[in-house]
Amino acid sequence: MRSSATPTSGSFTRPEGARWRALADVRWGLLLAALALAGIGLATVHSASAELAIDYLPRQAAWVGIGLAACAAAFAVDHRLLLAFAVPLYLVSVLLLALVLVVGHEAGGAQGWLRVAGVGFQPSELAKLATALLLARMLARVGRGHLTGRDTARALAVVALPMLLTAVEPDLGGAAMFLPVVFGMLFVCGLPWRLVAAAALLALVAGGVAWGLFMKPYQKERVLTFLDAGRDPRGAGYQARQSKIAVGSGELTGKGYMQGSQSQLRFLPARHTDFILAVLAEERGFLGVATVLGLYGVFLATGGAVAMRARDRSGLLLVAGLLSMIGFHVVYNSAMVIGLVPITGIPLPFLSYGGSFMVICFAATGLSLGVDYRRYVTRCGGGGPGGVGGGGRAAPPGARRGPAGGRMTHKMLIESDPYQTRIAVLEDDRLTEIFVERHLHRGVVGNIYKGRVSRVLPGMQAAFVDIGLERDAFLYVSDVIDHLGVFEELEDGAPEEVAPEEPAEIPHSIDELLKAGQEIVVQATKDPLPNKGARVSTQLTLPGRYLVMLPTVRHFGVSRRIEDEAERARLRAALEEMAAANGGNGWIVRTAGEGRGREEFEIDRGYLAGLWRRIRERAERGAAPTLLHQDLDLALRVVRDLAGAHFSVIWVDDEDTYQRVVEFLDQVQPALVGRVKLDRQEVGLFERFGIEGEIEAALKSKVWLKSGGYLVINPTEALVAIDVNTGRYVGRHNLEDTALRTNLEAVEEVVRQIRLRDLGGIIVLDLIDMVEKEHREEVFAALERELRKDRAKYKVLSISEFGLVEITRKRSRTNLERLLTQACPYCAGSGRVKSVATVCLALRREALKLRGTLVGGELLVRVHPEVARALQKEERAIVEELERALGVAVLVQGDAKLHHESFDVLEV
């Protein structure tokens, strides 16, 4: 039985601060299994060749050594760096395959080798690795379930060229190995079976056409030999006899080391080690073969675990493709040896006589281990190439400094489920901002509507506009007139520079501008509140990554957060030059535009100009009230407005959201794509990072300080009162020193709480009284320093004689308390409790923790009657999801004795 009033949260420390911890977390079982298999291969090659004139053991050992060097090199190089060079690597491999057809060395009837300094290697093996890298880069942008026929066709086209060049060597086995690479990756992307069937049909048709029109007689003979080993043109028929020897000839424990008949028949090892499993079966029997297959199972299972916990999608796809190739080698070779499938040149990984394939298998192992290691080590993060702990890098533009002057680290956590999206922003691992959006109740800020004026109120200098929402929107006269002053704060509350021209004269009455029944285009600037509609403006703004477009006014400005005067002049000149070439609208450079050039501005301008053109076309066609443009959803909106070079990592726990964020950043700020990480752990992001507890604390009125003092935060209808108290802190010297230290600690936490709770309007801060003027100035300077971290517009007055600080802060969205709570039914509205929707979602999170632990057939959920009613009606989808996820029937029982926020989950 489990009972909980609220979700529990624990502490979580990410191990990215130290490389050795990341190394300790790597699944080294992958390498150990490969080494064990290579060791068995060395012994088997020696056993099969010791009676021959040439002992192949030294050569095999040399290939294993080269393979281990390739493994170490692949591990040391960040796979994302290789992905950046995937196209040239692919082209080089294709050129080598073409070259081998001209000057290649023939062995075993196939012209598949190039010789360099007397050493032969097969370019087809390098081509498999290069193709896997290119496919991983291409398909990284395809979310699971979003794979299209076009994506599949592009992937198959990439594979077709090296596959065809390998086939005409002729090396049919090597050519076939490109298929598991591409299909392994496509299945990760959600390849539907209908596309598999279509591809198979297409391959049959293409094969028939090639057989009749293009294939030469010797190539047809190779195909027929592939289907019937008895047609071997050399007449040896060794492959068919090896198949017969492999089946049961070694019994349980085998004939013993160097006792196999195959070495006496001289089948091995130079040309025929594709059948090395037959030697194992004869000499080591069933137990030996079972051991080898078990090691392959460990290798593939460990590799699968590496792929599943890969943080970036390209790493997941790369590991999946390489493992699919190695796994197919194992399955096909084993089936070939016992005669279940046609015979062709498909060796057994790590065991067959060495060469290019041995090196590529070890390189694939190194790449997989590197992907696992870099789950926590971010190349784009704050450290050197190997990890985040390195030093010596200058802070990027926009990065804030910590209290000791060091660089302040920023992280973003995006947690999304079918019902809501929650985003947390951390500064130095402390939660400073939280964003919540319920998918059924998205905010309207930023949306553009074609509305109809329903009423004009000259006495209030305002009008009501019907935009299709439950309540009419509110439009002030200052939001109607062509007054440039309204553009002073366009970037998330950050003041913008205004043009030097004088604003147009303001009409005395709104009825000179608007009439009832008039249709106008407006943009929502504030979300609706419980007792009032949304606030709208006719002054439209379209924000991009670096620019804000002003479609209705010709005005040029630069964010005041960009303080360097030379940079401001450069940006203004770039804007004016761009506007002169394109004409029309006004523009403002956002803070993210600092250091950017004309090229990047042109990309933003083209995107926003196209967006405005589509909005105008909809406005001309549609009748009021109608929605013309909906702003981005919360995840993309916050990433657009906040993400910058100062963010070390952006964690996303939902694959679809991750994919959309990556695609969005790839368009607007490609340098940040590498910092977006997909979280695949079962424990939620917010719970692991302790965000759930921080949210709970943010809903309480009392906030404790580290020293023992505390804050009391009381929002009222008129203002927000924040009181600072010494609490348990008694100081060391005197009362004045105690007051100073408490106030200095308090102002930092006060600003954090203002940002976290999104408190707005008038805020009155009641500090502990200080006698010394210098102390009051020191505390006020600390308060101003902290307030500069806030993106919202604010004004602050100096500390009054009574120790009060008055702050006004603009807020455009519902604050955290109103978003997550409702009026408390137990105290007639004087307090607040969690809303029904919040309790339902908390119950969902707790119940999902029971996944895989239930043995009964039903799960009983006891909740307050109001919550029970919601789970049976509006929130019924949660119950249905739990039944699917847990595999049991979920019974909902209302219990009036339970507190509104409490619930019990019992297995029955």
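**Close-up 1. Strand 6 and strand 7 as a pair.** Strand 6, which covers residues 420–427, pairs with strand 7 in the antiparallel sense over 8 bridges, where strands (E, at least two residues) and helices (H or I, at least four residues) are DSSP runs numbered from the N terminus, and two strands pair if DSSP finds at least two bridges between them. Within this pair, Val425 stands opposite Glu433 of strand 7. The model is predicted, so that local features need pLDDT of at least 70 and side-chain atom pairs count only at pLDDT 80 or more, while totals for chains, interfaces and linings use all residues. Residues are numbered from 1 along each chain as its sequence is written, and side-chain values use heavy atoms, with hydrogens and water left out.

Close-up 2. An open sheet with mixed pairing is formed by 5 strands in the order 7-6-5-20-21. Its edge strands, each pairing on one side only, are strand 7 (430–438) and strand 21 (676–678). From one strand to the next, the twist averages 15 degrees. Helix 24, made of residues 735–757, packs on the sheet and touches strand 6 and strand 7, contact meaning heavy atoms within 4.5 Å. The direction of helix 24 makes about 15 degrees with that of strand 7; axes are lines fitted to C-alpha atoms, for helices over the stretch in contact, and angles run from 0 to 180 degrees between N-to-C directions.

Close-up 3. Trp587 lies in strand 18, residues 586–589, and counts as buried because its relative accessibility is 3%, buried meaning under 20% relative accessible area with a 1.4 Å probe and protein chains only. Leaving aside neighbours within four places in sequence, Trp587 is in contact with residues including Leu547, Met578, Arg605 and Leu608. Phe556 is also among these contacts, and the C-alpha atoms of Trp587 and Phe556, 31 residues apart along the chain, are separated by 5.0 Å.

Definitions and conventions
Buried < 20%, exposed > 50% of the residue type's maximum accessible area, 1.4 Å probe, protein only.
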